[in-house]
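Q: I'd like to learn how to read a model like this one, feature by feature. Can you walk me through it?

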Amino acid sequence: MNWRRRRQLGQLLRFSLLGVVLIVFIFPFYWMLRTSILPTQMIYESTALIPQGFTLEHYGRVIDQGFLTPVRNSLITAVGTTILTTVVSLFAAFSILRYRYPGRRRAAQLVLLTYMFPHVALIIPMYMLAASLGLLESPITLIVVHTMLALPFCVWILQSFLMDIPRELEEAALVEGASEVGAFLRITVPQAKPGIIAAGTFAYIMSWGEYMFAYVLLTDSDAFTVPVALESLLSGYVIEWGILAAASVLATLPVLALFWLMAKYLGEGIAKGTGVV
Amino acid sequence: MAKITLENLRKEYGSLTAVDGIDLTIADGSYTMILGPSGCGKSTTLRMLAGLEQPTDGDVYIDDARVTDVPPGDRNLSMVFQSLALWDHKTVRENIGFGLKMEGVAEAERNAAIDEIASLLQISEKLEQSPAALSGGQQQRVALGRSLVREPDVILLDEPLSSLDAKLQLEMRATLSKIHKEIGTTFVHVTHDQEDAMSIADEIILMNDGEVVQHGAPMELFDAPTEEFVADFIGTPGMNLLDGTVSDGAVDLGGVALTPAAETIAEHPGSAVRVGVRPNRIYPADAAPDTANTLAAEVTLVETFGDSRWYYLDVGIGEELVMKSADTAVFGTLAEGDAVSVCIGSEDIHLFDATSGRALSAA
């Protein structure tokens, strides 16, 4: 077997493996999509891969049942979490890298250690805090909690990112008359764009899909976020699979859209942040 | 335009002393090079001058105003960094105009100034591109443009040529010198390359181990080094340096005696010394202007540089001497293995204290 033929075979093997991975990940999503557009009768009868019927009835009913309210709640929470997390972690990472103070390096190392904490243990105190502050129905509570969950990882990603940006770039701005914060915002932040996008996307997705805290902290069904609302669809005597699938598709769209927009930066951001490259 | 004064300037990093108490004045409008081997504290000194590094002790004055605690942006100086530190997310125009923008100069006025500098540096067509798309030489010009456009009192350059290839380095060196002559601002340029310093500096500050070793005009350092370190560091190649002992109005090199100018050894009978002779001050006997000291030698190696040749000479004292000649008549007559008589003028013999390294003639 010559060299060229061997390379082709290797190529084939690689693509087959990729194909298997893709199928494993995409098939459930495809099944969900398929279920959401099949008439109810067919969901139970047909197992054909290609849908044999088509209806938007489930989507109509999902929207009629007020599923757009949780979508709106989730959007508010996720966007709020993203902004808060990004701003705080950016300044935290900057402080760890650029200033000298006692405990600086230890703080940087301990940041990820907070993930060792079982989150379940925090639910009761969080609930009591929010209740005593009268913030149980407010999106602020969930935004703060989600920021707490996303922050350590984002600080970590951004720290690796800022570390790679030469100090001289900022110093050049200082010499040209910029202030410390001015140089950071005008020079370092634009240079760290892929990292900021990666961190922001992580916070957004984390907040969008977070169920446990949302379930405990939100007691009013008008304040439900998407994961909590989806769960409530499962709790009836009869599970309406068509409606559940349609709601799930709607719940996935905002995240898919974000990925679509940010795909260019995400790969670089995540690879760099986790030290792969 | 400004003169700079450093007063007992010190910088310590923990137990490491990077700059060990420097006192000096840089003349208004001069092109001053801070020269030294890596780790000698020259960049730290420049960064303290810029305000990017806070001195542990001592003060920096620009035109008699104490600026030690003034932030970099308020010192009216600019800096070209070793890495150039161009901002890739901005266009060349925005890079050059950043300082003017920070000063609050109106856009029209800003653009006029940028256009003028760009045409001076021949980068007018590149103004709307990202610096990342430019060649090394062009990037260098952008960095220079950024520091010139504000017309600062002082321009600091931290190894600005080291990122360029050899040919561009020479070109840029000449450009720097021309620009300096044209605008007359004080330039302070840090380099490890003594040829850069010798070629364009008005004054050289030679540093070693955090201290200033010698400060003067390039030819002063070349002809009258105050320390053995200067003699060795300046010149291509550096000075020949040999161990010797002073006796009877001459210096004994261990079998061979040299007679230096009388006043330099009169006060040092019996001292152990280091004897220095510039390679270009050793001549074959028939071309020598001064035949006070004539040595018999054998040529062991010849290195050819086109316009000059280096001859390694064995004069029977263990260590070899290097003779540098630019005389084409010598090129034709001298080859490896030849025996030759060489001469050294008595004024060309430098003596340094064997322990302190200080020049005896300067005492």
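Predicted model: local features only at pLDDT ≥ 70, side-chain atom pairs only at ≥ 80, totals over all residues.

Q: Is B:Q122 buried or exposed?
A: Exposed, because B:Q122 has 12 C-beta neighbours inside 10 Å, and 12 or fewer is the cut-off for that class.

Q: Which class does B:D63 fall into?
A: B:D63 counts as partly exposed, because 15 C-beta neighbours sit inside 10 Å. Its phi is positive too, near 50 degrees, and it isn't a glycine either. You'll find B:D63 in the loop between β4 (57-62) and β5 (65-66) of chain B.

Q: Where is there a cis peptide bond?
A: Look between B:T236 and B:P237, where omega is about -10 degrees. B:P237 belongs to the loop between α8 (228-233) and β11 of chain B.

Q: Which residues of α5(B) are buried?
A: First the idea: an α-helix has 3.6 residues a turn, so residues three or four places apart point the same way. In α5(B) the buried ones are B:M172, B:R173, B:L176 and B:H180. Those residues cover an arc of only 110 degrees around the axis, which puts them on the same side of α5(B). Turned away from that buried side is a face with the exposed residues B:K167, B:A174, B:K178, B:K181 and B:E182.

Q: What covers the buried residues of α5(B)?
A: The cover includes β3 (31-35), α4 (136-148), β8 (186-191) and α6 (194-200) of chain B. And just past the helix, B:G184 has a positive phi of about 70 degrees.

Q: How do I read a strand such as β11 of chain B?
A: Check its two faces. In β11(B), residues 240-247, the covered face has B:N240, B:L242, B:G244 and B:V246, while B:L241, B:D243, B:T245 and B:S247 are on the uncovered one.

Q: Which strands does β11(B) pair with?
A: One is β14(B), residues 272-277, which runs antiparallel to β11(B) and is joined by six bridges; there B:N240 stands opposite B:V277. Another is β12(B), residues 250-252, antiparallel over three bridges, with B:V246 partnered by B:V251. β11(B) and β12(B) make a hairpin with two residues between them, and B:D248 in the turn has a positive phi of about 50 degrees.

Q: In what order do the five strands of the open sheet come?
A: The order is β15-β19-β16-β17-β18 in chain B, with antiparallel pairing. β15 (282-284) and β18 (320-325) stand at the edges with a single partner strand each, so one side of each lacks a neighbour in the sheet. The twist averages 45 degrees from one strand to the next. Within this sheet, six bridges join β17(B), residues 309-314, to β18(B), and B:Y311 stands opposite B:M323.

Q: Last one: how many residues of chain A are in contact with chain B?
A: 14, against 15 residues of chain B. The largest share of chain A's side, seven residues, comes from α8(A). By type, chain A's side divides into nine nonpolar, two polar and three charged residues.

How values were computed: Residues numbered from 1 in each chain as written. Chains lettered and ligands numbered in written order. Buried ≥ 20, exposed ≤ 12 C-beta atoms within 10 Å, placed from the backbone. Helix = DSSP H or I, 4+ residues; strand = E, 2+ residues; numbered from the N terminus. Arc of directions from axis to C-beta. Contact = placed C-beta atoms within 7 Å. Pairing = 2+ DSSP bridges. Axes fitted to C-alpha atoms, helices over the stretch in contact; angles between N-to-C directions. Nonpolar A, V, L, I, M, F, W, Y, C, P; charged D, E, K, R; others polar.
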